[in-house]
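Thanks for making time, everyone. Let me put the chain up on the screen, and then we will walk through it.

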Amino acid sequence: MSAPRRVLIVEDEIVVALFMEDVLAELGYEVAGVVCHVDEALARPLDFAVAVLDVHLNGKEVFPFADRLAERGLPFVFATGYGA
């Protein structure tokens, strides 16, 4: 049996982050942590397998962190309440 994949949640709404933690745990994933600021995400070690990114974090866009993940070949998804 392999270890669960680690997921980083990048979300500034605590209720949403808690919900995602619960859902991911039910699906067998390990939550590597919750980050709510872009600067905090950029400073974090890449000790996870995949990330779930909110687009807007406390007035800043998450795209610099998404670019860093893409450069390292780490998969991520955007999860946002905004439309197109």
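Predicted model: local features only at pLDDT ≥ 70, side-chain atom pairs only at ≥ 80, totals over all residues.

Start with the fold. The chain has three helices and six strands. Read from the N terminus, the order is β-α-β-α-β-β-β-α-β.

Now the overall dimensions. Along the principal axes, the C-alpha atoms fill a box of roughly 40 × 30 × 25 Å. What about the radius of gyration? For 84 residues, a compact globule would come out near 12 Å, and the chain has 12 Å, so the two agree.

The chain exposes about 5,200 Å². Carbon and sulfur atoms supply 58% of that area. Buried residues account for 33% of the 84.

Charges next. There are 6 positive and 14 negative ones. Their mean positions sit 10 Å apart.

Now the interior. As background, nonpolar side chains in soluble globular proteins tend to be buried together. Which residues of the largest nonpolar core touch the most other members? This core has 15 residues, and the answer is Leu8, Val10, Phe48, Leu53, Phe65 and Leu69. Five elements each supply at least two core residues: strand E1 (6-10), strand E2 (30-35), helix H2 (38-43), strand E3 (50-53) and helix H3 (63-72). H3 gives the largest share, with three residues.

Zoom in on leucine 8. Set aside its neighbours within four places in sequence. Leucine 8 then contacts Ala32, Gly33, Val34 and Val35, along with Arg44 and Phe48. Val50, Ala51, Val52 and Phe65 are on its contact list too.

There is also another core, apart from the largest one. That one has seven residues, including Val7, Ile9, Leu24 and Val50.

Last stop, the loop residue. Where is asparagine 58? Look between strand E4 (56-57) and strand E5 (60-61): asparagine 58 lies in the loop there. Its phi is near 50 degrees, a positive value in a residue other than glycine. For context, most residues other than glycine have a negative phi. For reference, buried means under 20% and exposed means over 50%.

That is the tour.

Key. Residues numbered from 1 in each chain as written. Heavy atoms only, no water. Helix = DSSP H or I, 4+ residues; strand = E, 2+ residues; numbered from the N terminus. Rg over C-alpha atoms; globule rule 2.2 N^0.38 Å. Buried < 20%, exposed > 50% of the residue type's maximum accessible area, 1.4 Å probe, protein only. Areas by Shrake-Rupley, 256 points an atom, 1.4 Å probe, with all protein chains shown as cover. Lys, Arg positive; Asp, Glu negative; His and termini not counted. Charge placed at Lys NZ, Arg CZ, Asp CG, Glu CD. Core = buried A, V, L, I, M, F, W, Y, C linked by side-chain atoms within 4.5 Å. Contact = heavy atoms within 4.5 Å.
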